[in-house]
Amino acid sequence: MGARENPQPQDAVAAPGGPGRRRFLGYVVAASTLTVAAELGEAVLAPTPAAAVVPSVPGPAEIYDLNDMLTHAALPTANLITIRLDPDGTAHFALPRAEVGQGITTSSAMLVAEELDIPLDKVRVTLADARPELLFNQLTGGSNTTISTFTPIRVAAAVARGRLLHAAALELGEALGTLSAKAGVITSAVTGRSLSYSELAEKAASVTTGQVSVALKDASEFKVVGTAQRRIDALDAVTGRKQYAMDLKVPGALPAMVCRPPTINGTVRSVDNLDEVRAMPGITDVVRISTGVAVRGRTFGQCIDAVRALKVTWGPGSAEGESDDTIREELRKAELPLPAVDVLTKSVDARFTFHFASNSALEPNCAVADVREDSAEIWASLKSPITAQEDIALTLGLPVAAVKVHVTEGGGSFGRRLFHDGAAEAAEISKATGKPVRLMWHRTDDFRHGRAHPMSTSRVRASYALGQVLTYAQHHTSVATDFGHGVGEIITAEAARLPVGDLTFSETIFSLTQQTPYDFGVVTQLLSETDKGFHTGSMRNIYSPNVRCAQELVVDELAKKMGKDPYRFRRTFLKDDRARAVLDKVAEVGSWGRDMPAGTAQGIALHPEYHGYVAVLAEIDCRPGTTGRDIPDACTGPRVTKVVCAVDVGLAVNPRGLQAQMMGGIMDGIAITLSSGLHLDNGHFLEGSWDNYFYTRQWNTPPELEIVVMPPTTGKPGGAGELAVAGAMAAVACAYGRATGTMPTTFPVNHDGPLGFEPLPTTPPVPASPTDGLSRAY
C-alpha cells in the first residue's frame with residue numbers, strides 16, 4: 001500500500017480565482033477574551049468546457065452543483081461561526097458540522113493553525129450544539145464541509161491574528177510593521193522583544209463587536225495547509241478515550257432497546273405479556289411507542305432478553321409482501337422511455353439493476369435523551385442537528401429553545417446520520433417512561449429497519465457513427481430517496497416530505513450532482529422515482545455510484561464496438577484537462593495495458609464531482625478458487641488485487657486525510673460492486689448482522705493499493721468525502737466485465753447467486769386475524 005502526496009507548500013501556487021491577497025471582512029466580538037468571527041465565503045467559478053468534434057452542452061452540475069448550493073446557503077450565517085483564544089494561548093473552535101470519521105476536525109484545526117500562526121496542538125475543535133440561528137450552515141453532507149468553511153475559518157483566524165498583533169504593538173510600543181507572529185509568539189524585528197498569545201489574549205479582547213478587514217495568506221505562504229498531518233483525535237481513538245454517544249455519563253440514563261416489527265414499518269396491535277416482561281431482572285420500564293415496544297433496563301443484555309421475550313401481535317408494514325422481484329418490476333414499469341434509435345447510427349443499449357444496500361456504519365444507531373415536562377436534552381451523532389431539534393421539539397410539544405441537542409462524534413455515517421431516527425425515538429421513550437434513556441439499536445435493527453440506499457435501475461442508450469459518440473441518454477429509476485432532512489432546517493425538511501416535494505427535491509439533487517465528463521454530443525440524464533414504502537436515505541455519493549458505474553460500463557462497450565482502447569477512448573472524449581491528468585496518472589502508475597492471465601483484467605474509470613476529479617485503475621482476479629481462504633461460499637467470488645487512484649481536489653488541506661478518504665471510498669466501491677447488498681423478501685431484508693452482509697473484508701481488500709494526490713490545481717479545496725466511491729465502483733465493474741468477457745448488469749454481482757448465510761429468524765407473516773399471530777421480533 002502506498003501513497004503519493006502534494007509537493008511542499010512553498011511549491012504550491014494559487015490558481016487564478018484563488019483567494020490570493022484579496023481582502024475579507026470579519027468581526028471582533030465583544031467578549032472577556034479574544035473572540036472573532038468571519039463574514040464572507042468565496043464565489044463559485046463555472047468550469048470552461050473544452051472543445052470537441054461533437055461537444056456537449058454543459059449540464060446543470062457542471063455550471064452549478066449541489067456543493068455550490070450548500071456553500072452559498074451557508075454564507076449568510078458565516079459570521080456566527082467563532083474562534084475563541086483563551087488565556088493559555090489555546091484556540092477553541094466549535095465546528096458546526098458532524099465528525100463521523102472523515103477527519104474534518106483535523107482539517108479545520110489546520111486552517112485555524114495556518115492563519116493564526118500557532119502550533120496544531122494548540123487548537124481545540126469541538127462539535128457545536130444545534131444552533132437554529134445558523135439556518136443552512138449546520139448540515140454535514142455533499143462533501144461540503146471543507147469547501148464551505150475554508151474561507152470563513154481562515155478569515156476568523158486571520159482576524160484573531162491581526163488583533164493579537166495590534167495588542168502586541170500597543171504593549172511593546174512598537175510599530176505594527178516591525179512585528180511578526182510565529183508559533184503563538186509575536187516578536188519585534190527591531191528590539192527582539194516578544195509576547196506570547198497567552199499574554200495577549202485578554203488584552204486583544206474587545207468590549208464591542210466591530211467589523212474589520214483582513215488579507216488571507218497566499219498559498220505560497222502555507223506551512224500547515226497542504227502538509228500531511230495525523231488526525232488530532234488519533235490517539236484517543238486507538239486508546240479508547242474517544243467519546244461517542246454511548247460513552248456519555250448522563251445521570252439516570254439507563255440502557256433502552258426496541259422490539260421492532262418483522263416487516264418494514266409494521267405496527268403494534270397488541271402485547272400479550274407486558275407484565276411478565278416488566279418483572280424480568282433489571283427491567284424498569286416497558287412501553288409502546290410509534291416504532292414498536294421499548295424496554296428500559298439496567299444493562300443492554302437485560303434489554304435484549306426482554307425484547308426477545310416480548311410476545312407482540314403485529315400489523316402489516318408499508319412493504320408487505322414485497323421482494324427483490326416485485327420491486328424490480330415496479331421500477332421497470334416506471335422507467336422513462338429512451339429516445340428512438342436512428343437507423344443511420346449504431347448504438348449501445350443496456351439496462352442495469354442496483355439492489356438495496358445498507359449504510360452499514362460501524363456504530364449502530366444510538367442516542368441519549370432526557371425529556372422532562374418543560375424541557376428536553378438530546379445527545380447523538382447528527383449531521384442535521386437543527387432539523388432534529390426542531391422536529392423533536394414539535395413532536396414533544398415544546399418550544400425549540402427548550403430542546404437542547406448536543407452533537408457527539410459518530411462511528412461512521414455514510415449518509416445514515418443525516419436522519420435523526422434514533423434521537424427522535426430516544427426522546428419518545430424518555431417521554432413515555434418519564435426517565436432518561438440510553439437508546440441503542442440492535443445490529444439487526446440497523447440492517448432491517450435502518451436507512452437503506454434504494455434499489456434502482458439505469459437504462460442507457462448511446463449512439464455512435466464515424467468514430468464519434470453522437471448521443472448519450474441515461475434514465476435512472478429509483479425507489480424514492482428520502483430527503484426529509486432537507487437542507488439542514490425544518491422548512492426544507494417539511495417541503496421534502498410533501499406529496500410532490502420529495503420528487504422535486506430528488507430531481508434537484510440528481511440534477512445538481514450528475515454530470516458526464518465526456519463530450520458525447522447530445523447528453524440527457526433523467527431521474528424517475530417510485531415506491532415510498534421503505535426507510536431510505538442518501539448513501540455515500542447519493543446517486544453517483546450507480547449512475548457512474550452504468551455510464552463507465554457503456555463507455556467500455558462503446559470503445560469495444562469502435563475498436564478503441566478503453567483508456568485512450570476515454571482520453572479522447574474528456575472535456576477537462578484536470579480529468580485528463582488524473583486519468584493519465586493512473587494509467588501510468590498502474591501500468592495500463594500490461595499482459596495479464598486469462599480470467600484477470602484491468603478496469604479504468606473516471607468520476608468528476610464537487611469541483612474534484614478522481615480516476616481509478618483496478619485489477620481483478622475472476623478465476624475460480626483463487627482466494628484460498630476458509631470463507632463463506634458467497635464470498636469466494638472475484639478478488640480485486642490492485643487499485644491505483646489519482647485524485648485532484650484543487651487544494652488538499654490535509655493530503656493524509658485525503659488519502660484516507662480515498663481508501664475508504666475504494667473499499668465502499670468494491671463492496672457495492674461485488675458483494676454488499678440487501679435481499680428483500682416478503683417485506684423485510686434477510687441480512688441481519690455483519691456476518692451476512694458482505695462488506696469488503698480482508699480477503700477482498702487489494703494487496704496493492706496506491707493513492708496519488710495530484711499537485712494543487714486551484715487555490716481552494718474541492719469535495720473529497722464521496723469522490724472515490726463512484727470511481728472505484730465503476731473501475732471494478734469494468735475490470736470484472738473485461739475479465740469475464742461479459743458486461744455485468746446486476747449489482748452487487750453476487751446478488752442473484754447463493755445466499756451464503758442462514759438468515760436470522762423473524763416473525764411469521766402477519767395473520768389475517770389480529771388474535772392469532774403472537775410472535776417474537778428476533
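1. Two residues are in contact when heavy atoms lie within 4.5 Å of each other. Keep that in mind for this predicted model. In helix α3, Ile104, Ser107, Ser108, Leu111, Val112, Glu115 and Leu116 meet residues of helix α4. The α4 side includes Thr145, Thr146, Phe150, Ile153, Arg154 and Leu164. By class, this contact has ten nonpolar, five polar and three charged residues.

2. Next, the geometry of that pair. Helix α3 spans residues 104-116, and helix α4 spans residues 145-172. Their axes come within 7 Å and cross at roughly 35°. The crossing of α3 past α4 is right-handed.

3. Look at serine 107, which sits in helix α3. Its relative accessibility is 9%. Buried means under 20%, so serine 107 counts as buried. Leaving out residues up to four places away in sequence, serine 107 touches Thr146 and Val653. A polar atom of its side chain lies 3.2 Å from the backbone oxygen of isoleucine 104.

4. Now the sheet. Seven strands form an open sheet, in the order β13-β14-β11-β21-β18-β19-β20, with mixed pairing. Strands β13 (283-289) and β20 (403-407) stand at the edges. Each has a single partner strand, so one side of each has no neighbour in the sheet. On average, neighbouring strands are turned by 20° against each other, direction ignored.

5. Take one pair from this sheet. Strands of a sheet pair through backbone hydrogen bonds, either parallel or antiparallel. Strand β18 (residues 366-371) and strand β19 (residues 376-380) pair in the antiparallel sense, over four bridges. Aspartate 370 has glutamate 377 in β19 as its bridge partner.

6. Helices pack on the sheet too. Helix α8 (residues 300-309) touches β11, β13, β14 and β21. The direction of α8 makes about 25° with that of β11. Helix α10 touches β18, β19 and β20. The direction of α10 makes about 150° with that of β20.

7. Finish inside α10, residues 385-396, with isoleucine 392. Is isoleucine 392 buried or exposed? It counts as buried, because its relative accessibility is 3%. Setting aside neighbours within four places in sequence, isoleucine 392 is in contact with Ile378, Val403, His420, Ala423, Ala424 and Ala427. Isoleucine 378 is 14 residues away from isoleucine 392 in sequence. The C-alpha atoms of these two residues are 9.5 Å apart in space.

Notes: Residues are numbered from 1 along each chain as its sequence is written. This is a predicted model: local features need pLDDT of at least 70, side-chain atom pairs count only at pLDDT 80 or more; totals for chains, interfaces and linings use all residues. Side-chain values use heavy atoms; hydrogens and water are left out. Helices (H or I, at least four residues) and strands (E, at least two) are DSSP runs, numbered from the N terminus. Buried means under 20% relative accessible area, exposed over 50%, partly exposed in between (1.4 Å probe, protein chains only). Axes are lines fitted to C-alpha atoms, for helices over the stretch in contact, and angles run from 0 to 180 degrees between N-to-C directions. A crossing is left-handed if the near helix is turned anticlockwise from the far one by less than a right angle, and right-handed if clockwise. Ala, Val, Leu, Ile, Met, Phe, Trp, Tyr, Cys and Pro count as nonpolar, Asp, Glu, Lys and Arg as charged, and the others, Gly among them, as polar. Two strands pair if DSSP finds at least two bridges between them. A polar contact is a pair of N or O atoms within 3.5 Å; within protein, one must be able to donate a hydrogen and the other to accept it, and residues adjacent in sequence count only if both atoms are side-chain atoms.
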